[in-house]
Amino acid sequence: MKFVSVAIVVVLALALGGCATEALPDGSVAVRAGQTASVASPDGGVTVTLPAGSFTGDGTLSANPVRAADGSIESWTIELSGSAVLTGEAELRFVRDGRRPEAPAPLVTSTDGVDEVVIAEDVVMDGDAAVVMTSHFSNWFVLWWEDVADSMRAGLDDIYSDAGRQPSCDAESEVRDAGFAVESDAGSRVYWCFGMGSSGAMLDAVNGRGYTVAAESTPGMEFRDGGTGSLVDLLADLIKETPSKSGNTVELIGPGGHAVYDVTAERVSAVRLTPSVGGYLVTAAQYAVETVAMILPLTGKHGVTTEAIQKFFDWGGCLSGFTSMATASIETATQASTYFSDAVGVTLDCAEDALERAGLTALGTQIASGLSWLASGVRTALNGFGAAADLALDPTGYTITVTPPGGGAWLITGGAIGPYRAGMSLEEASAEFGTSLGSPPVSGEFVCQGVDVLEFGDGTGVTFSYRFWDGEYWSIVSLKSPPDSVGEAAAIRTAEDIGLGSSEAAVQEAYGGLVTPMQPIYAEGDFYYRVSLPDGDIILYGTEAAGVTGLNVSTTEGPPLDHFCS
């Protein structure tokens, strides 16, 4: 977030006591003992008044703005020179154009020396002006909470906006000519390119959302580079992103961040970028860090790095109530908006302690009331985004699928779907495919237990399942699809071109006398068939309207497939 300076109304103070002072250029005025003196800075941001009797000697009183690198006014240098010496109290009157009556009084600080920051304890509001009495002159800072609120609102706009841009990869045409095929979902939530790197085929996926997301990859997608940097490292012990399938890996990718993978799989592999509670939590934490980073320079604390600010937060204590939800599932934009709003509120509550660790001690109620007002405004802003929030926080993921040369032949046979053959033990399957497929069921009744081994962007795919039957465990492989639908899994078919979506007539024509009607227990539909092939059975069912909507395979030595397991 970038602090945007706001134009300040020029307040011209009149000389008190009936004695006019001699005006000098550059926000300076001559002062004489026994006479009231007043000067306004050239920008009008502060007016300094010396009451008669508050100083001795003659000299010059000056008030000049100090500008930051971006040209905005950061503070004011107030000096009394010559033989004049401040012996009493002077009045400093700071003003802001567009002052909001409901906002807390600004935080006024000064630097008494090089590093020490002194906080003005008694700030009195007089209309739009913040008035401070002081017995010393130095460099003075004013943190108007309205300015912070404006910048924080701009930060929310960034979160709810698109991020990133289209990457480019070397040898994009050559890698496709070599036989690789890449497919992805539509939209601008992810930008990607596929080409050749130093180790072979590589995929570069860019998070197009304005907040952190989770990138889950299957075996054969070796994560090389990306992530969100040091903040994720600090939160790594608190936020545990759990992959949806055993053997997959998950990385958090910041807004506009790259997730770069070396593609080593000999068969289909994929990466899916999806909003997650962990990502929302990291985004909320980053938002609080950026808020503190904006506040510190406006209070005289310069040169504090982002990495240092991140360590000022007690993340363990701060996020203890939210990190337990890092494995929760957010299924709707409304749920995402509520969670993100709550997370932002919690992380902003932690900012007070972070500011104290940064050196702003003894803040009292000033900083607490300011941060509370900011948090309330942020929640109001979040609630006001409405449809824009629903669109931005849409939890729908984005999948990129890579098929290597010769790796896309997912053929249905009597004993297998693609490389997954029925009858394998858990140990055999785990060893063959390089991933743990879980533990077998322990119930003595009929039990189905499985894992998805291939999933398309629409949720369809292939499931490797185990079932308990007659004292033994048997494995089957199933096509997964929603009721009355076929989806992308319809591309996986038998040599006779039978798969999801095939009509009942097509099944009969393809297999003739090999087809036996059956009556399963757990499936619903208009037809149920067993196709008995030399290497195993194919069990399929469906409806007249949609054709085949469910399909299992098993080896002939397996149990009778009178039960569907999907």
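Leu107 stands opposite Leu143 of strand S14. In this predicted model, that position belongs to the pairing of strand S10 (residues 107-111) with S14, which is antiparallel and runs over 5 bridges. S14 also pairs with strand S7 (residues 73-82), again in the antiparallel sense, over 2 bridges. Here Thr77 is the residue facing Asn139 of S14.

An open sheet is formed by 5 strands in the order S3-S4-S9-S13-S12, with antiparallel pairing. Its edges are strand S3 (37-40) and strand S12 (124-126); each has a single partner strand, so one side of each is left without a neighbour in the sheet. On average, neighbouring strands of this sheet are turned by 25° against each other, direction ignored.

| Strand pair | Bridges | Facing residues |
|---|---|---|
| S4 and S9 | 4 bridges | Val46 and Phe94 |
| S9 and S13 | 6 bridges | Leu92 and Val132 |
| S12 and S13 | 3 bridges | Met125 and Ala130 |

Strand S4 covers residues 46-50 and strand S9 covers residues 90-95. Strand S13 (residues 129-134) is mostly covered, with 5 of its 6 residues buried. S12 and S13 form a hairpin with 2 residues between the strands, and Gly127 in this hairpin takes a positive phi near 70°.

**The sheet S15-S23-S22-S18-S20**

Another open sheet of 5 strands has the order S15-S23-S22-S18-S20, and its pairing is antiparallel. Strand S15 (181-184) and strand S20 (249-253) stand at the edges; each has a single partner strand, and therefore one side of each lacks a neighbour in the sheet. From one strand to the next, the twist averages 15°.

Within this sheet, strand S22 (residues 269-274) and strand S23 (residues 398-403) pair in the antiparallel sense over 5 bridges. Val271 stands opposite Ile400 of S23. Val271 is also among the contacts of Ile400 when neighbours within four places in sequence are left aside.

**Nonpolar cores**

Which residues have the most contacts inside the largest nonpolar core? They are Trp145, Phe194, Phe313 and Ile400, in a core of 84 residues. Helix H4 (residues 277-295) provides the largest share of this core, namely 12 residues. The core draws at least three residues from each of domain 1 (28-142) and domain 2 (144-407). Apart from it lies another core, of 32 residues, which includes Trp410, Phe456, Ala489 and Ala490.

**Packing of H4 and H8**

Two packed helices are described by the angle between their axes and the distance between the axes. H4 and helix H8 (residues 333-349) pack at an angle of about 35°, and their axes are 9 Å apart. The crossing of H4 and H8 is right-handed.

On the H4 side, the residues that meet H8 are Val277, Tyr280, Leu281, Thr283, Ala284, Ala285, Tyr287, Ala288 and Thr291. On the H8 side, the residues that meet H4 are Ala336, Tyr339, Phe340, Ala343, Val344, Thr347 and Leu348.

Helix H8 also contains Gly345. Is Gly345 buried or exposed? Its relative accessibility is 6%, so Gly345 counts as buried, the cut-off for burial being under 20%. Gly345 and Ser376 are separated by 31 residues in sequence, and their C-alpha atoms lie 8.2 Å apart in space.

Note on methods. Residues are numbered from 1 along each chain as its sequence is written. This is a predicted model: local features need pLDDT of at least 70, side-chain atom pairs count only at pLDDT 80 or more; totals for chains, interfaces and linings use all residues. Side-chain values use heavy atoms; hydrogens and water are left out. Two strands pair if DSSP finds at least two bridges between them. Axes are lines fitted to C-alpha atoms, for helices over the stretch in contact, and angles run from 0 to 180 degrees between N-to-C directions. A nonpolar core is a set of buried Ala, Val, Leu, Ile, Met, Phe, Trp, Tyr and Cys residues joined through side-chain atoms within 4.5 Å. Buried means under 20% relative accessible area, exposed over 50%, partly exposed in between (1.4 Å probe, protein chains only). Domain bounds come from an automatic or database domain assignment. Contact means heavy atoms within 4.5 Å. A crossing is left-handed if the near helix is turned anticlockwise from the far one by less than a right angle, and right-handed if clockwise.
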